[in-house]
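Work through the exercises below with the sequence and the model open. Each task is followed by a solution in steps.

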Amino acid sequence: MPLILIVYYAFTSASGKFTLEHFRHFWMQPEAMHTFIFSIGVALITTVLCLLIGYPAAYILSRMEKKTAKIMVLLFILPMWINFLIRTLATVALFDFLKIPLGQGSLYFGMVYNFLPFMIYPIYNTLQKTDQSLIEAAQDLGANPRQVFFRTILPLSVPGITSGIMMVFMPVISTFAIAELLTINNIKLFGTTLQENIYNGLWNYGAALSLIMLLLIGITALLNGEGNAKAAEEGGLI
């Protein structure tokens with residue numbers, strides 16, 4: 001029902017008549033377009049940073065003893081039990097204590113800090129379930145550690161990577177609290193623009209922005225599904 005209402009408001013005017021004016025207004029408004037493109041850029045950079053940090057962490061965890069690995073995974077997940085806003089406010093307090101100015105750097109730090117576990121866990125889960133006989137077969141055939149990783153382990157971990165990318169990229173696109181708190185409203189993301197329109201009673205334009213964001217998320221999910229299917233096919237060929 002909420003999705004149906006979003007579609008209804010997005011294609012109707014304040015008087016209830018069908019219109020495409022909200023979408024035209026979005027494409028013709030430089031500030032909204034700039035915020036939209038900037039938000040995609042922030043989401044991409046955050047996702048890449050989470051992947052660069054998360055994959056080695058997940059790989060190391062997958063090589064630990066199960067008991068130790070479970071404790072370490074719990075330590076990664078433990079902060080997620082704390083309220084999202086409290087974690088972000090604690091990050092703001094940390095930057096204030098260290099006398100580090102809030103800005104774009106603190107924004108990326110907050111994004112990575114909040115969404116890194118969503119990258120680590122699916123990759124770790126995939127690596128943990130990897131068939132060790134495939135790695136042993138590669139070693140028996142003369143592959144060195146580098147070749148074993150890039151030609152066996154990495155391809156088999158692609159489903160976990162794509163799941164992690166989805167779980168980081170999509171929430172970052174729609175978030176606004178982190179940007180508001182960690183940049184003192186100096187940096188606006190697409191989620192902030194959407195929230196402002198809804199808060200100011202511009203339901204129709206806000207619904208149009210929501211639909212645009214939903215379409216972007218849907219396209220990302222579709223590409224993720226095709227990527228997983230391709231990875232599974234290549235894994236079967238390997």
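**Exercise 1.** Find where R24 and E21 lie and how many residues separate them.

Solution. Step 1: both R24 and E21 belong to helix 2, residues 21–28 (helices are DSSP runs of H or I with at least four residues, strands runs of E with at least two, numbered from the N terminus). Step 2: they are 3 residues apart, about one turn of the helix. Step 3: their side chains form a salt bridge, 2.8 Å from N to O (a salt bridge is a side-chain nitrogen of Lys or Arg within 4 Å of a carboxyl oxygen of Asp or Glu). Step 4: R24 has a relative accessible area of 46% and is partly exposed; E21, at 35%, is partly exposed as well. Here buried means under 20% relative accessible area, exposed over 50%, and partly exposed in between, with a 1.4 Å probe and protein chains only.

The model is predicted: local features need pLDDT of at least 70, side-chain atom pairs count only at pLDDT 80 or more, and totals for chains, interfaces and linings use all residues. Residues are numbered from 1 along each chain as its sequence is written, and side-chain values use heavy atoms, with hydrogens and water left out.

**Exercise 2.** Determine which residues are linked with K188 in a network of salt bridges.

Solution. Step 1: K188 pairs with E31 at 3.7 Å, N to O. Step 2: K188 sits in the loop between helix 10 (177–182) and helix 11 (190–199), while E31 is in helix 3 (residues 30–63), so this pair ties together parts that are 157 residues apart in sequence. Step 3: K188 also forms a salt bridge with E196, whose closest N and O atoms are 3.3 Å apart. Step 4: the network therefore holds E31, K188 and E196. Step 5: K188 is partly exposed at 30% relative accessibility, and E196 is partly exposed at 30%. The whole structure has 3 salt bridges.

**Exercise 3.** Describe the largest cavity by its volume, its lining and the classes of its lining residues.

Solution. Step 1: a search of the whole structure gives 1 cavity of 30 Å³ or more. On a 1 Å grid over the protein atoms alone, a cavity is a set of points where a 1.4 Å probe fits but cannot get out, and lining residues have an atom within 4 Å of a point. Step 2: the largest cavity contains about 40 Å³ of space, the volume being the space filled by probe spheres set on the points, which are joined across faces, edges and corners. Step 3: its lining is L61, V73, F76, I77, P117, I120 and Y121. Step 4: helix 4 (66–77) and helix 6 (104–128) each supply at least two of the lining residues. Step 5: the lining has 7 nonpolar, no polar and no charged residues (Ala, Val, Leu, Ile, Met, Phe, Trp, Tyr, Cys and Pro count as nonpolar, Asp, Glu, Lys and Arg as charged, and the others, Gly among them, as polar).

How values were computed:
On a 1 Å grid over the protein atoms alone, a cavity is a set of points where a 1.4 Å probe fits but cannot get out, and a pocket is an open set with protein on both sides within 12 Å along at least five of seven lines; lining residues have an atom within 4 Å of a point.
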